[in-house]
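Q: I would like to learn how to read sheets, domains and interfaces from a model. Can we work through one case?

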Amino acid sequence: MPKLYTGAEIVFKCLEDQKVEHIFGYPGGAVLPIYDELKNHTSIKHILVRHEQGAGHAAEGYARSSGKPGVVLVTSGPGATNVVTALTDAYMDSVPLVCISGQVPTHLIGTDAFQECDTTGITRPCTKHNWLVKDINDLSEIMHEAFKVATTGRPGPVLVDIPKDIQFAKTKYKKPKKEKKLNGKSNNKFSQKQIDQLIDLLKNTKKPVIYSGGGVINSGPKASDALREFVELTGFPITSTLQGLGAYPGDDNQFLGMLGMHGTYEANNAMHDCDLLINIGARFDDRITGKIDEFSPNSKKVHIDIDPSSINKIIKVDLAIVGDVTKVIGKVNKTILKKKNGHSKSNKSNIAKWWEQIQKWRGKDSLNFVNSNDSIKPQHAVQRLYELTKDKDTYVTTEVGQHQMWAAQHYKFNKPNRWMTSGGLGTMGYGLPAAVGVQIAHPEKLVVDIAGEASVLMTMQEMSTAVQYNLPIKIFILNNQYMGMVRQWQELLHEKNYSESYSEALPDFLKMAEAYGCKGIKAENPSELDEKIQEMIDYKGPVIFDCHVDPNENCFPMIPSGKPHNQMILGPNDQEENKIKGKGKALV
Amino acid sequence: MPKSKSAYSVPTKKEKSDTYIFVVWVDNEAGVLARVVGLFSGRGYNIESLAVAEVDAVKNISRITIVTTGTPQVIDQIKLQLAKLVPVHKVAEFKREDKNVIFKEMALFKITGKKKKMEKCLNACKKFDLVILDETKTSKVIQITALRREIDKISKKLKPWGLISASRTGAVAMTRGAKIFN
């Protein structure tokens, strides 16, 4: 007779078979049997967080930086509700997470028992799928399917809710089935005909632009290689979304910088004026498109995406190719190379004029800012951080707000999976716990959270986690005492009524570092900045870096709401020149 | 255009909405209806009627029929979003005007009053596959099957003649001929 295992044992056997090495979690009444079993499984290390939201974001950082699914273990009721923000964040940014939650025993479900909540009901809209395990005999299959759903097709979070009595009940263990078909949920159904259509478009274009997104990162490092080859073969300019940064080298000449609301002048104008737009793994988010009616009005549009529901959702396209980026672009490259053997005429000469135009836009130097000797400009701080860390293989996470945009604009990423930020949901408090997860996945690498003082306070408790596991994460806080992006919008749109966006009381971050048992560093003057950043990098342990920056700095360039790409507001230099203050206000 | 103070763009011109019928084959498991209905409410789609029941007890498949309205772009999205749900096997959609598809609703009416008025009701309902399910001296319960707008019309007509209670199903649909949805 085969051996019988408890539900808790089966959970771990599944995790082992799925090659899970780390889980992020927090114990509680309804998951105690699973926690009890932890000691018997030495290949799996549990990271104890300080709040379940932190577990979720840490697992996201772990997943984004390693390409493996992040695993979260929480208890019922408040444990599950606390993780909802992280699940929603992962859903919006397509991050594979498997969340296991405890539940009250099956006979108490529906009785308003202690720490009971309708976990599957609450998480239904923020997961790809979820399961309430009511029968121990279903547990192994559900666990394996959970990993499959989370990691295939467009990745995303899933949740498995396991009542306490199921964790105690016994049954046989079932190994994962190989090649189980999930009724067509992973899509890779493009044809050579579609590839040929794309090649035809490439041949005839005079003003092309490639717009790549997080799908390239999610498709794995090979997708980035394929993308780089494609850009080289075609000679086309390329821009990237916030999530796509790093798929193509940020310091390469063909890279136009990020596009969208705070994207560069050249990237946005190229999007507006192009005659061929190739979207690779991006989703025409509203921060990217600006005004839909005037979005890239004269272009043929191609959309390559693994999720068929992304196609034509916002922008109607002329050619849709549903498939995995690695496979699609790999095929495109092969076809280009094959055709080139026939006749060596390159279309690079066709687009020479286009490049001239792009150089003119570049001349605007839209990321410029007026530097100062008296106060640290936040853009300058990010630039110095970049210069001092670019030779190391640095991993950067961020919170959400102005600092996030400055990091995206001024930190140049050359490899995929090095940039972890909350784009879709825009979760303040994402960066610190995400840095914890990144450092767990890459113990020897430099991990920096470029943070704002308001955001970082939302999940500050996870410093305690970093100290417990001696994770040398660097929390680089651009401290301007404001919720900067809120203040910027209030300045531009609400007649400078800074309603509740100033923090009257902030903690002393040096003392806070000391209280958590890590190192605190403060910089207030541009002249000391480099030396202090170096001190942070050299310190072998977690650091909170309190960088006092100019509180009045705004993030430019910027597309005002309801405007198309070619009507950007540029930075202070340009505003001085053109005196657009009055008119600029009307623009927003 | 009025000045926008929002960080979001203002809505653009609207396309014309049409009525469509979705047929969705799903695993008959706990929560599956909530997933389908939640997708509609969560994304702001509209449900005019809904009918659901198990159609294959061996394979454990239920068939959900949903009547909805939307622009072609929205209808396309509904279809693609439904297809992404894990327990959904296939999705078919067609316009209400589609001549190749039959769709029917059923209604139960309770009529009370004088014999003469009840007779009038029965006559009016005759062309809708009338079945009398229950009779007393002063009441009748009848069943009709028809199109939604026909049932709308007839129930309005029957009200003054003694219709005191009506119970209706959502629409169910089937293609004409030997072909099936795919």
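A: We take a sheet, then a domain pair, then a chain interface, all in a predicted model.

Q: In what order do the strands of the open sheet in chain A run, and how are they paired?

A: Strands of a sheet pair through backbone hydrogen bonds, either parallel or antiparallel. Here the open sheet has 6 strands in the order β11-β10-β9-β12-β13-β14 of chain A, with parallel pairing. From one strand to the next, the twist averages 15°.

Q: Which strands stand at the edges?

A: β11 (255-258) and β14 (319-322) of chain A do; each has a single partner strand, so one side of each is left without a neighbour in the sheet. For β14(A), the pairing with strand β13 (residues 300-305) of chain A is parallel and runs over 4 bridges. Within it, A:L319 of β14(A) has A:V302 opposite.

Q: Which domains is chain B divided into, and what does each give to the contact?

A: Chain B has domain 1 (18-95) and domain 2 (101-174). Domain 1 of chain B puts 8 residues into the contact and domain 2 of chain B puts in 7. On the domain 1 side, β1 (18-27), β2 (49-56) and β3 (61-70) of chain B each supply two or more residues, and β2(B) gives the most, with 3. That side divides into 6 nonpolar, 2 polar and no charged residues. The C-alpha centres of the two domains lie 28 Å apart.

Q: How many residues of chain A and chain B are in contact?

A: The size of an interface is often given as the accessible area lost when the parts come together. Counted by residues instead, 21 of chain A are in contact with 21 of chain B. The chain A side has 6 nonpolar, 9 polar and 6 charged residues.

Methods:
Residues numbered from 1 in each chain as written. Chains lettered and ligands numbered in written order. Predicted model: local features only at pLDDT ≥ 70, side-chain atom pairs only at ≥ 80, totals over all residues. Contact = placed C-beta atoms within 7 Å. Nonpolar A, V, L, I, M, F, W, Y, C, P; charged D, E, K, R; others polar. Domains from an automatic or database assignment. Pairing = 2+ DSSP bridges. Axes fitted to C-alpha atoms, helices over the stretch in contact; angles between N-to-C directions.
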